[in-house]
Amino acid sequence: MADKQRLTILGSTGSVGVNTLDVVARHRDKFEVVALTARDSTETLFGQCLEFKPRLAVMVNAAAAQELRQRLSQAGLECEVRCGVEALEQAASLAGVDTVMAAIVGIAGLRPTLAAAQAGKKVLLANKESLVTAGAVLMDAVRASGATLLPIDSEHNAIFQSLPRGYTAPGAAGVRRILLTASGGPFRLSTLRQLEQVTPDEACAHPNWAMGRKISVDSATMMNKGLEVIEARWLFDVSPTSIEVVIHPESVVHSLVEYVDGSVMAQLGNPDMRTPIAFALGFPERITAGVEFLDLARVGALHFERPDPQRFPCLRLAYEALKAGGTAPTVLNAANEVAVTNFLAGSLGFRQIPELIEAVLSEVPGGSVCGLEDVLAADRAARARADTWLSAWRSSRTAATARQTRVAEQPGTPSGRTARP
């Protein structure tokens, strides 16, 4: 029997982490879970530790780590518990670990993902922000250490499968264009007026995929696709002009590669993250994923359309940041993370998400990326500027509401009409 593949799962309590463990549970003869990490989801991580018995569990939050440590001790389970960002990096670079699933959401996943690459691991990349913000730094680390980088996003995984084995550059492989598919999210047919009233729950109600709330909002704004364009540029060494986004509402064709002879290769399957996860875990072999097999006759028809730039301005902003290069993609990502966090908290409107991002991109000076600190400095600057923009926007809204209230209270103002101040 071949040796088991030993795994660290960064972000094991999130959607990708849970799906990874689902696949692992189907192949216990092939995989051993060595380390699991989470931010503060103590209950979920505790259950995962009981089932998979890792040697190490990491929580970013110190209080959550202490609670987990006590519960595991009471359960009689021998599992070391560490806390903090450095502990995440330690889990990612553990000696004896073969494969690291990088599934922490946002730029918080950059340091541990980079640590895994520097340690020469087989890195299963679900954290797109690592490439968006530090593409050159991460790819340099992969080349220097001899690490293997396999994409987990369904679109990039589909591209990887549609490219020839041993692909290194588009010219040598005869690649003309990469086509990233996008479902269009829950608002593909919504009017701009309807988008003014979007709630967080509506934005998170994706028609095809089951995802976390942050990535669901990114899908609704199509910023997720914009980030994937930047990710594809680094993964496949292609120019921005060779990457095109096409709306495909059924989410059956996960992406396509067009070749210079007119051939188009695509990967199809039901929208289930366990498919790309199983592909990457088993690579270069295939293993079962537990997904429902695709029935094309039942699907009936596949549709494609171009994205509406007015409805989805975030896609344009991502292309502009990629073209600008340097720290611009980091600024884009940071502004988006701040905007989405505030939208989910109910303190920012849906259509203000791209407004905030565009303002921050125009006001934070760009710079070159020579190392990790350049990325982190740009991230801090963008978040500070985003917070300033939010404060000004909230003050403006408060003042507007006060004016409307005074006008409504003016004697003689006809009911249902607004008098001029």
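This short talk covers salt bridges, one surface patch and some helix packing in a predicted model.

Some conventions before the details. Residues are numbered from 1 along each chain as its sequence is written, and side-chain values use heavy atoms, with hydrogens and water left out. As the model is predicted, local features need pLDDT of at least 70 and side-chain atom pairs count only at pLDDT 80 or more, while totals for chains, interfaces and linings use all residues.

I start with the salt bridges, of which the structure holds 32; the criterion is a side-chain nitrogen of Lys or Arg within 4 Å of a carboxyl oxygen of Asp or Glu. One of them joins Asp98 and Arg6, at 3.2 Å from N to O. Asp98 lies in the loop between helix H4 (85-92) and strand E5 (99-102), and Arg6 in strand E1 (residues 5-10), so this pair ties together parts that are 92 residues apart in sequence. Helices (H or I, at least four residues) and strands (E, at least two) are DSSP runs, numbered from the N terminus.

Another bridge is between Glu244 and Arg306, at 3.1 Å from N to O. Here Glu244 sits in strand E9 (residues 243-247) and Arg306 in the loop between H14 and H15, so the parts tied together are 62 residues apart in sequence. Arg306 is exposed at 66% relative accessibility, whereas Glu244 is partly exposed at 23%. For these words, buried means under 20% relative accessible area, exposed over 50%, and partly exposed in between, with a 1.4 Å probe and protein chains only. Both residues belong to a network of salt bridges that also links Arg176, Arg177 and Glu258.

The loop between helix H14 (296-299) and helix H15 (313-324) also holds Leu302, which is partly exposed at 33%.

Now the helices. How do H15 and H17 pack? H15 and helix H17 (residues 352-363) have axes 10 Å apart, at an angle of about 20 degrees. That makes H15 roughly parallel to H17, the cut-off for this being under 35 degrees, with over 145 roughly antiparallel, 65 to 115 roughly perpendicular and the rest oblique. Axes are lines fitted to C-alpha atoms, for helices over the stretch in contact, and angles run from 0 to 180 degrees between N-to-C directions.

Last, helix H13 (residues 274-282) is mostly covered, with eight of its nine residues buried. Arg274 and Phe279 are among them.
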